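Colleague: I have the chain open on my screen. Could you take me through it, beginning with its surface?

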Amino acid sequence: MNEQEMAMLLEYWDKGVESDGLGVAKNSAPSFEEILEQLKLFFEKQKKEGLDISRVHLHPYGSFFMCYDQNKWHDAKDALVKSAMAVPRYCINPLFPDGNENIMDHIDNFDIGKLPKSFPHPNKAGETITLSEDSLTYDFSLNEDIYCYLQFFIKCKKVYKSAGIGDTISGTGFMYHVPK
């Protein structure tokens, strides 16, 4: 789901269908702290209500979180990296002359974007997760039951096709992340 859908789901769980803001757009650029807080709330509610949900993926613009119960799912790193590799396809001009499909011909349209230097560790008070220019993949425990990966994506300066990016991210992640 995207950052809008997560916020709406949490609001629905909190206030039900009577919520005035249920159909209203939510923050489309939440901070990592806000995203991690939403993920924690999601899994707290899942546990409290006994919901049969053991994995969630969240893809706010430019990144992908895959959080899951390690007792029920294999490691998610490969699935996450493969999802990230699928996204640059949306940065390639479909009208490129001569049908040239060399992704390097489009390199000027790729952007990593501004990454935070760090963000608070969601499960270790006072500690931070420091980001490095040498890696776009990070992992951490969200709580005692849930493990997460965070993958930053290459973004497009100009998107030639936006419909389907989220589905590509989700589908690739789900296809390669298998249950135990």
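Modeller: The chain exposes about 10,400 Å², and carbon and sulfur atoms supply 51% of that area. Accessible areas come from the Shrake-Rupley method with a 1.4 Å probe, and for residues only the protein chains shown count as cover. This is a predicted model, in which local features need pLDDT of at least 70 and side-chain atom pairs count only at pLDDT 80 or more, while totals for chains, interfaces and linings use all residues. Residues are numbered from 1 along each chain as its sequence is written, and side-chain values use heavy atoms, with hydrogens and water left out.

Colleague: What percentage of the residues count as buried?

Modeller: Of the 180 residues, 43% count as buried. Buried means under 20% relative accessible area, exposed over 50%, and partly exposed in between (1.4 Å probe, protein chains only).

Colleague: How many helices and strands does the chain have?

Modeller: There are four helices and eight strands. Helices (H or I, at least four residues) and strands (E, at least two) are DSSP runs, numbered from the N terminus. From that end the order is α-α-β-β-α-β-β-β-β-β-β-α.

Colleague: Which residues of helix α3 are buried?

Modeller: In α3, residues 77-86, the buried ones are A79, L80, S83 and A84. Seen down the axis of α3, they fall within an arc of 135 degrees, so they line one face of the helix. The arc is that of the directions from the helix axis to the C-beta atoms.

Colleague: And which residues are exposed on the other side of α3?

Modeller: D78 and M85 are exposed there. As background, an α-helix has 3.6 residues a turn, so residues three or four places apart point the same way.

Colleague: Turning to M66, where is it found, and is it buried or exposed?

Modeller: M66 is in strand β2, residues 63-69. It counts as buried because its relative accessibility is 0%.

Colleague: What is M66 in contact with, leaving aside neighbours within four places in sequence?

Modeller: Its contacts (heavy atoms within 4.5 Å) include L80, R55, H57, Y147, C148 and H177. L80 is also one of the buried residues of α3.

Colleague: And Q4, what does that touch?

Modeller: Not counting residues up to four places away in sequence, Q4 touches A25, K26, N27 and S28. Q4 is found in helix α1, residues 3-15, and counts as buried because its relative accessibility is 16%.
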